[in-house]
Amino acid sequence: MTLFSRRHFLAVGTAAAALPALPAFALTSGQASSLISKMVDEINTVISSGKSESSMYREFERIFKKYGDTPLIAANALGVDGRRASGAQKKAFTEAFTGYISRKYGKRFREFIGGRLEVKSVGSIRRGYEVRCTAFLRGTDPFQISFHVSDANRFYNLFIEGVDMLLTERSEIGSMLDARRGDLDRLIADLRTAG
Amino acid sequence: MVDLRPVVLTAVALAVAGCSVPGPGGAPDGIHDPYEEKNRKVHDFNRNLDKKLFSGDGPGYAGTVPPFVQERVSSFADTVSLPQTVVNQLLQGRLVRATSSSLRFTLNATIGVGGMFDVAKEWGLDPDESDFGETLAVWGVPEGAYLEVPVLGPSTERDTAGDVVDLFTDPLKYVVPTPERYIGTVAKGLDTVGERSKFGGTVDSILHGSADSYLQFRLMYLQNRRYELGEDAPGADFDPLAVDTEGF
């Protein structure tokens, strides 16, 4: 009997061929779901804290940076315009954009006062997982909010009743840039207060 | 029972013929909008109308009518729309949903005091609504071009055709006599106004706060409608690894 039987060699060969298709670090559905559960708990705490509007937005920004893949979301929103941006502009854009998103979506979350978010289920997507949540608000039928979590264990997209944040913000940032004749510095300056 | 078939069949024929299909490269990013110029004019009209109706200083419907009453109006509007939902769910061949909607109607119209209380919800029957636009989608009619309709707002050729048919497929219209029939219409109108006020912040931020509210409305409406109809798994094709995040 040889050390490597033909069958053994084939098995190893097949496994090796399959390996590059797997990510270096494979997230489990449990990890993705617990990430979103923790985030939802933090959001719920902020919503029910009764803090002032501006301190709530600061809290949302902190949560967004902690759980969200902010560089990816920012880079995607800027799209091809990002190619002509300098390193400093990219950094400044990510910072300003993160604040803008926190205020914009934070305003929506503030409408949840008296309501709550609940994690319902988790499923596989092309890269990572989709964590599906239900928002329960007073006086409205419950609605669905989903988070897409990448292997980096950060969420990179959210969907409110099917409306895709990445697509919507990419379109909006494109329109804002058009309105400023492509002036990236003006866009960054205005984003610091927008949302 | 009034025979609706000729009306429905004619409308379907018109709808199927009317829904344009994009040519090659005619729908970048899945958006087919050959009437953009016209649509933008209607959008400006709708935006101004919304501003006049909902941004006044005086208290509106949501501000003056107590929440309890608003909820009764909302439940009533939902109940009177259920027979139409049942008709459409039957046309779609969705018997389970049609049965559930019939049961909701029966429960809410009786125990729920003429539809003013959504008692079915307490029994685990979640609200569900359908329309002829959805029926056309189930039948395989293409979505058609994006349309912005005066007063009613964002739609598609298929949904607009569906709305027209729905004017004729409400069974209540054929059994409830004329003056009483309009109570339902008024309740639905008030409910729409209530919803607009409830989500005032959201609508305002998109309609009056975005850089190009036409593009935002178009994108959000199409995504939401496709999601409702189960035509689209949002973000399914997106690959986060393909985004160049270098330097961000």
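Trainee: Why is Trp139(B) called partly exposed?

Mentor: Its relative accessible area is 40%. Buried means under 20%, exposed over 50%, and partly exposed in between, with a 1.4 Å probe and protein chains only. The value falls in between, so Trp139(B) is partly exposed. This is a predicted model, in which local features need pLDDT of at least 70, side-chain atom pairs count only at pLDDT 80 or more, and totals for chains, interfaces and linings use all residues. Residues are numbered from 1 along each chain as its sequence is written, chains are lettered from A and ligands numbered from 1 in the order written, and side-chain values use heavy atoms, without hydrogens and water.

Trainee: What makes Phe132(B) buried?

Mentor: Its relative accessible area is 0%, which is under the limit for buried.

Trainee: How many aromatic pairs are found over all chains?

Mentor: The search of the whole structure gives ten. In one of them, Phe132(B) and Trp139(B) have ring centres 5.7 Å apart and planes at 85°.

Trainee: What makes the pair of Tyr146(B) and Tyr221(B) tilted?

Mentor: The centres are 6.4 Å apart and the planes stand at 55°, neither stacked nor edge-to-face, so the pair is tilted. Tyr146(B) and Tyr221(B) are both buried.

Trainee: How do you know that Arg104(B) and Asp118(B) form a salt bridge?

Mentor: A salt bridge is a side-chain nitrogen of Lys or Arg within 4 Å of a carboxyl oxygen of Asp or Glu. Here the N to O distance is 3.3 Å, so the pair qualifies. Arg104(B) has 1% relative accessibility and counts as buried; Asp118(B), at 15%, is buried too. Elsewhere, salt bridges that share partners join Asp33(B), Glu36(B), Arg40(B), Asp212(B) and Arg218(B) into one network.

Trainee: What about Arg84(A) and Asp81(A)?

Mentor: Their closest N and O atoms are 3.5 Å apart, so this is a salt bridge as well. Arg84(A) is partly exposed at 49%, and Asp81(A) is partly exposed at 26%.

Terms used: Phe/Tyr/Trp six-rings, centres within 6.5 Å; stacked < 30°, edge-to-face > 60°.
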